[in-house]
Amino acid sequence: MDIDIIFKIAAVGIIVTIVCQILKKSDREDIATIVSLAGLIIVLTVVLDMVADLFGSIRSIFDLF
């Protein structure tokens with residue numbers, strides 16, 4: 001696991017938090033919710049890609065398929 005992935009996830013979290021706070025202060029809570037959901041989807045795709053790589057590595061190590 002590279003440290004870059006952790007920094008990318010943290011950067012997405014910080015950016016989403018700042019944008020959500022700005023939107024909530026300007027009475028745009030509906031858009032803030034959409035932004036937070038978009039950030040969650042971005043992070044989940046990164047994590048799912050890492051999990052897929054993990055299962056691929058396990059499959060090749062134990063020569064399952």
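Trainee: What radius of gyration does the protein chain have, and what would a compact globule have?
Mentor: The protein chain has 17 Å, while a compact globule of 65 residues would be near 11 Å. That radius is taken over C-alpha atoms, and the globule rule is 2.2 Å times the number of residues to the power 0.38. Along the principal axes, the C-alpha atoms fill a box of roughly 55 × 20 × 5 Å.

Trainee: Where do these values come from?
Mentor: This is a predicted model, where local features need pLDDT of at least 70, side-chain atom pairs count only at pLDDT 80 or more, and totals for chains, interfaces and linings use all residues. Residues are numbered from 1 along each chain as its sequence is written, and side-chain values use heavy atoms, with hydrogens and water left out.

Trainee: How many helices and strands are there in the protein chain?
Mentor: Two helices and zero strands. Helices (H or I, at least four residues) and strands (E, at least two) are DSSP runs, numbered from the N terminus.

Trainee: What span should helix H1 have, at 1.5 Å a residue?
Mentor: H1 covers residues 3–25, 23 residues in total, and should span 33 Å. Its end C-alpha atoms are 33 Å apart, so the two agree. The expected span is 1.5 Å times one less than the number of residues.

Trainee: And how far does H2 reach?
Mentor: H2 has 33 residues and reaches 48 Å from first C-alpha to last, close to the 48 Å expected.

Trainee: What lies between H1 and H2?
Mentor: A loop, and Asp 27 is found in it. Its phi is positive, near 60°, in a residue other than glycine.

Trainee: Is Asp 27 buried or exposed?
Mentor: Asp 27 counts as exposed because its relative accessibility is 68%. Buried means under 20% relative accessible area, exposed over 50%, partly exposed in between (1.4 Å probe, protein chains only).

Trainee: Which residue takes a positive phi just after H2?
Mentor: Asp 63, at about 50°.

Trainee: Changing topic. What share of the protein chain counts as buried?
Mentor: 8% of the 65 residues. The chain exposes about 5,400 Å², and carbon and sulfur atoms supply 70% of that. Accessible areas come from the Shrake-Rupley method with a 1.4 Å probe; for residues, only the protein chains shown count as cover.

Trainee: Which residues of H1 are buried?
Mentor: Val 16, Cys 20 and Leu 23. The buried residues of H1 pack against H2.

Trainee: Which residues form the nonpolar patch on the surface?
Mentor: Val 47, Val 51, Leu 54, Phe 55, Ile 58, Ile 61, Phe 62 and Leu 64, with about 760 Å² of accessible area together. Patches are made of residues with over 30% relative accessible area and no salt bridge: like charges are joined within 9 Å, nonpolar side chains (Val, Leu, Ile, Met, Phe, Trp, Tyr) within 5 Å. A salt bridge is a side-chain nitrogen of Lys or Arg within 4 Å of a carboxyl oxygen of Asp or Glu.

Trainee: Where is Val 47?
Mentor: In helix H2. Val 47 counts as partly exposed because its relative accessibility is 33%.

Conventions
Contact means heavy atoms within 4.5 Å.
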